[in-house]
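Open the model in your viewer and keep the selection tool at hand. The stops below say what to select and what is there.

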Amino acid sequence: MSKTLRQRIEAIRTYLPPIPGVFAELAQLLHDENVDLRVLGLVIGKDPAMSINVLRIANSAFYGLPNKVKTIEHAVTMLGLKEITGVCMACAAARSFKARTGEQHVDLHAFWLHSVATGVLARTFASRFRVQQQGQAYLAGLLHDIGQLILDRFLHDLYKQVVQLTYDENIPVIEAEVRVLGESHGTVGGWLMDKWQLPPLFSEVATCHHTVSKASEENRLIVATVSLADQIARLRGFGFGGDETGVILEDTEAFRTIQQAQPSMGELDIARFIMDLDRTDFDIASIEEMMNAT
Amino acid sequence: MQPEKSLTDTEFIALRDFIYKKTGILFSERNRYLLDARTREILSQARDKNAVSYIRSLCGPGGDPLEVNRLINKVTITETSFFRDPHQIAALTKNVIPEVAARHEQFGSRLLRIWSAGSSSGEEAYTVAILLAEHLKGRLSDWNITIFATDINEDAIEACKAGVYKPYTLRNVPRDLQEKYFLATSDGRFAVRDEIKRLVFAERSSLTDPAACKKYSGVDLILLRNVLIYFTTDAKTAVLQSCYENLRDNGYLFLGQSETAFGINHSFKLVTFVNAFAYKKPLPR
Ligand SMILES: C[S@@+](CC[C@H](N)C(=O)[O-])C[C@H]1O[C@@H](n2cnc3c(N)ncnc32)[C@H](O)[C@@H]1O
């Protein structure tokens, strides 16, 4: 009997391959045995794949902590230099998972930039909308699309059809996924995060970022915040794939959810609000620049 | 050179009010220097070189409409170019034009009306015509398309009707499209080809005249880009109301890339595209 999609995802044991730029930076830092763990945390926090790898070990049964590890800083201090070096070495092996050249696949750099942009925007929005789990907003944004990376890396033959479809028909990626796979990248990301015992907040954000109303009441506002950040990141030009469709943001579940919590959102000039995000663009661009320098 | 005299307060107010009444454009104290610079030549040729009596002569029974036009032509900012603002052009190309065309196909009506309001010399209207031709490919002749290009500035409308442009205003036109839709003239300019030119209908008309605006109703797309910048809130409100009425359901309005309709018109739905915005007329509920 052939395995279901879910079984195939949950069977993934290897680390997710890090973005080459981040990996190079990390490798360099790790040469120095006196490296500041906080710096290490900052660098890891720039890459969705490294972040999830580190969270996975910190939350594994091996450590058996009573509370989940929810931030990279916490994970890094807990694991220490030796363990982190071990993850990196294992990742060096995982890096060989490369898409064959000439095939349509997720543009890694664009994926990475979109993840960082969503994280940065989610952090900005979370403080503005007074979201309770503000401290996790960046990481939740960084990780929200991890399902796409998983699909592209581990089920590449299927996923390249999805990517092709978004370009051919200018449709949202999620529509293409449901047509080809019957599932969305959100669900897929959630499966692996649950399997890897990450804090439920992250898997809920991943699972529900296109279906905000399905999120638990407890996490709905942060899910909505990341969902809005995700859409605005794409609409500010930090998108990837072929989707360039327009959105009536005020009619989205994300916006409505936020508006319920923050009635003053009704008086927001959305166009001006988006135009004025230049400052955040600057943050994103400076992270990107750092990356290109290495 | 002699520094020329600048407008006195009384002159400034008289000119400002007259222009506001005619165009909806309000020169604020901050933009006084602009009005000053733009009217200097005209006033230096006026009989007693005084703005107050000059305006009185325009308003009086012997007032010369051509002179009024001359003044308006001077004070309007007609800066424009083909394919202005690439993000808006992308939103039109990838989303708006395909959507509007598909809607017509679906209902079997191939009658498409578009309005470039405050079109200046016509680059915007011809740009849309080119985008449509590209989208409809060889089927252009199956469609009945009218793109209205209106402006209060007579000189600009004449330029639009002529349809011949200096190379600089074509700087953002992709090479292949330039070759396809323009003809080089012997004096180094570019003439819009006939298949494109006949889609555009240009005429002088003021946006502050609601009755005149009614002529451009039943449109699927309005481009009102970079026109409202100097309008007062009242004038903006009235113009946006005209636009709303003129649009068909699900039609789109584009303002300039840094303009918003927020706080002026609440009937539209803001659609966010990649680095571009449009206002959509929703279906009645
Ligand atoms: C800066 S141009 C914009 C041209 C074009 N829409 C674009 O974005 O490239 C502004 C135009 O608006 C016109 N305009 C100003 N007030 C107007 C009014 N009341 N009625 C019609 N046109 C007006 C001006 O004459 C000028 O040509």
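Rings of Phe, Tyr and Trp (for Trp, the six-membered ring) form an aromatic pair if their centres lie within 6.5 Å; planes under 30 degrees apart count as stacked, over 60 as edge-to-face and the rest as tilted. By that rule, the whole structure holds 13 aromatic pairs over all chains. This is a predicted model, in which local features need pLDDT of at least 70 and side-chain atom pairs count only at pLDDT 80 or more, while totals for chains, interfaces and linings use all residues. Residues are numbered from 1 along each chain as its sequence is written, chains are lettered from A and ligands numbered from 1 in the order in which they are written, and side-chain values use heavy atoms, with hydrogens and water left out.

**Stop 1: an aromatic pair in chain A**

Select Phe125(A) and Phe273(A). Their ring centres are 5.5 Å apart and the planes stand at 40°, so this pair is tilted. Helices (H or I, at least four residues) and strands (E, at least two) are DSSP runs numbered from the N terminus.

**Stop 2: the two domains of chain A**

Colour chain A by domain, with bounds that come from an automatic or database domain assignment. Domain 1 covers 3–15 + 105–291, and domain 2 covers 18–96. Their C-alpha centres are 22 Å apart. In contact (heavy atoms within 4.5 Å) are 24 residues of domain 1 of chain A and 27 residues of domain 2 of chain A.

How much area do the two domains of chain A bury between them? The value is about 2,200 Å², with 73% of it on carbon and sulfur atoms. Buried area is the accessible area (1.4 Å probe) that two parts lose on being put together, summed over both.

The same interface has 4 residue pairs in polar contact, both residues at pLDDT 80 or more. A polar contact is a pair of N or O atoms within 3.5 Å; within protein, one must be able to donate a hydrogen and the other to accept it, and residues adjacent in sequence count only if both atoms are side-chain atoms.

**Stop 3: a salt bridge within one helix**

Over all chains, the structure has 27 salt bridges. For one of them, select Asp157(A) and Lys160(A), whose side chains meet at 3.6 Å, N to O. Both residues lie in helix H9 (residues 156–169) of chain A, 3 residues apart, about one turn of the helix.

**Stop 4: the two domains of chain B**

Move to chain B, where the assignment gives domain 1 (9–75) and domain 2 (86–280). The C-alpha centres of these domains lie 30 Å apart. Domain 1 of chain B gives 11 residues to the contact, and domain 2 of chain B gives 12 residues.

These two domains of chain B bury about 980 Å², and carbon and sulfur atoms give 51% of that. Select Gly24(B), Asn69(B) and Asn73(B): on the domain 1 side they lose the most area to domain 2 of chain B, together 39% of what that side buries.

Across this interface in chain B are 0 salt bridges and 9 residue pairs in polar contact. Helix H1 (9–23) and helix H4 (65–75) of chain B each supply at least two residues to the domain 1 side.

**Stop 5: where chain B meets chain A**

Show both chains and select the residues in contact: 16 residues from chain B and 21 residues from chain A. The chains bury about 1,600 Å² between them, 57% of it on carbon and sulfur atoms. In chain B, select Phe262(B), Thr272(B) and Val274(B), which lose the most area to chain A, together 32% of what that side buries.

How many salt bridges are there between chain B and chain A? The count is 2. Asp251(A) and Lys269(B) form a salt bridge through their side chains, at 2.8 Å, N to O. There are also 9 residue pairs in polar contact between the chains.

How values were computed:
Salt bridge = Lys/Arg side-chain N within 4 Å of Asp/Glu carboxyl O.
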